[in-house]
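Keep the viewer open and follow along.

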Amino acid sequence: MSASVLTSSPAPATVPPTRRLAWLLARAHLKKRRTQNGLTVAGIAVGVAVLIAALSLTNGFTGALISATLQASPHLSVQPYTPSGQNKAAEQQLRQMDEVAAFTPFVADKALLTRPADEFREAGTDFSTLFGVGSEAADVLELRPEEGELLRSLEGGEILLGAALARNIGAYPGESINLLNSAQQRREMTVKGVFHTGNYLIDSGYAFTNLATLQELQGTGNISGYQIRLHDPEAAPAVGAALASRLPYAATPWQSLYGTLLDQLNLQKQVIGFVVFLIVIVAAFGIANVMTLAVFEKTQEIAILRAIGATQGIITQTFLLEGLILGLSGLVLGNLLGLAVAGYFTWRPFQIPGDLYFITTLPVEVRLSDLLWVNAVGLLTTLLAALIPARRAAAIEPARIIR
């Protein structure tokens with residue numbers, strides 16, 4: 001008899017596992033406040049999208065500036081410790097290095113360039129950094145093909161001016177200008193042509209002439225060193241260190257030459273990223289506000305759950321899951337929006353005044369590293385915002401609330 005009774009008795013209800021119970025509660029809570037949750041997700045999405053777009057535009061701007069700078073600057077320069085002429089052993093060493101794409105001997109000097117006045121124009125005067133280079137300089141520098149050909153074919157008494165420098169002087173190709181170098185030596189030069197990199201500091205300050213011409217002006221056969229182009233510009237410090245260890249030369253990679261510029265660009269990116277990230281912080285406070293209100297409204301429900309056996313861990317997991325769902329939804333939507341904005345500006349670049357900036361369009365460069373840290377920090381921020389109301393909910397005392 002007792003056996004039949006036991007057999008016919010209904011089986012006890014199965015209690016859902018802890019994680020499943022927390023998931024069911026979190027989903028039920030989210031369904032009841034769809035409008036507020038939607039606004040919270042939208043706030044996170046907008047913040048993440050703006051952050052991704054801003055960092056991508058900053059990366060593009062930085063890349064364009066560095067590219068323009070390296071058009072008329074070598075990746076690496078090496079200078080002898082004592083003045084000397086061309087070093088055949090050093091040149092042979094450079095030819096044997098796989099990292100080196102091209103090199104040229106050079107002489108550097110400062111010069112005052114003047115264009116005499118005529119009946120139509122006043123005299124033009126400006127200072128420049130003057131480089132005397134060999135024909136190989138066309139392979140070392142990254143000028144436009146037609147400008148590189150002008151550089152390659154420079155002959156004695158000819159000079160190639162930066163576009164802004166030529167404009168400041170008022171000199172045009174074929175005209176004659178007067179050159180006064182640092183040794184107070186004068187010479188009349190013929191403007192071979194102009195080059196344009198897009199970097200105003202270079203276009204307004206650099207000029208090139210034939211190596212023999214500048215050596216003749218200085219009254220010496222010595223050179224200042226060698227300008228080197230590498231297959232990988234980022235390897236300049238390592239290649240420079242290797243050369244300095246083998247040869248009696250001091251190496252100057254472009255990262256050292258333009259270190260201040262790189263530091264300023266890096267600081268600019270950090271400031272922009274921090275300021276825009278404040279939008280994500282504000283959106284995270286939205287999650288905290290929504291969940292705090294949910295805890296306040298569901299105090300009795302939480303007390304009942306605690307009374308029937310729900311642990312503090314289950315309650316904490318429930319509200320953390322809510323914050324995680326809201327945060328992930330905002331991050332996914334924000335990534336899609338941010339990449340869409342970056343794609344739009346890649347397809348139709350943002351136009352900027354060419355007479356004010358060194359570029360006419362603002363390029364875009366999306367980096368995986370930026371996406372990873374934006375999403376990691378965004379997710380951590382939203383979880384921290386959800387932790388405060390989650391702990392408050394778990395601390396509710398069921399006996400006091402039910403009484």
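Predicted model: local features only at pLDDT ≥ 70, side-chain atom pairs only at ≥ 80, totals over all residues.

Helix α3 covers residues 34–71 and α14 covers residues 312–347; their axes come within 7 Å and cross at roughly 40°. (Axes are lines fitted to C-alpha atoms, for helices over the stretch in contact, and angles run from 0 to 180 degrees between N-to-C directions.) The pair is therefore oblique, the label for whatever is left once angles under 35 degrees are called roughly parallel, over 145 roughly antiparallel and 65 to 115 roughly perpendicular. Residues on the α3 side of the contact (heavy atoms within 4.5 Å) include Val41, Ala45 and Ile52, and among those from α14 are Gly330, Gly334 and Gly338.

Now look at Ser73, in the loop between α3 and β1 (76–80). Ser73 is buried, with a relative accessible area of 2%; buried means under 20%, exposed over 50% and partly exposed in between, using a 1.4 Å probe and protein chains only. Its side chain makes a polar contact of 2.5 Å with that of Tyr258. (A polar contact is a pair of N or O atoms within 3.5 Å; within protein, one must be able to donate a hydrogen and the other to accept it, and residues adjacent in sequence count only if both atoms are side-chain atoms.) Neighbours within four places in sequence aside, Ser73 also touches Leu141, Ile202 and Tyr206.

Asp370 sits in helix α15, residues 368–394. Asp370 is buried too, at 8% relative accessible area, and its side chain has a polar contact of 2.7 Å with the side chain of Asn59. Leaving out neighbours within four places in sequence, Asp370 contacts Leu55 and Lys269 as well as Asn59.

Finally, zoom out. The chain has 16 helices and eleven strands, taken as DSSP runs (H or I, at least four residues, for helices; E, at least two, for strands) numbered from the N terminus. Of its 403 residues, 44% count as buried.

Terms used
Residues numbered from 1 in each chain as written. Heavy atoms only, no water.
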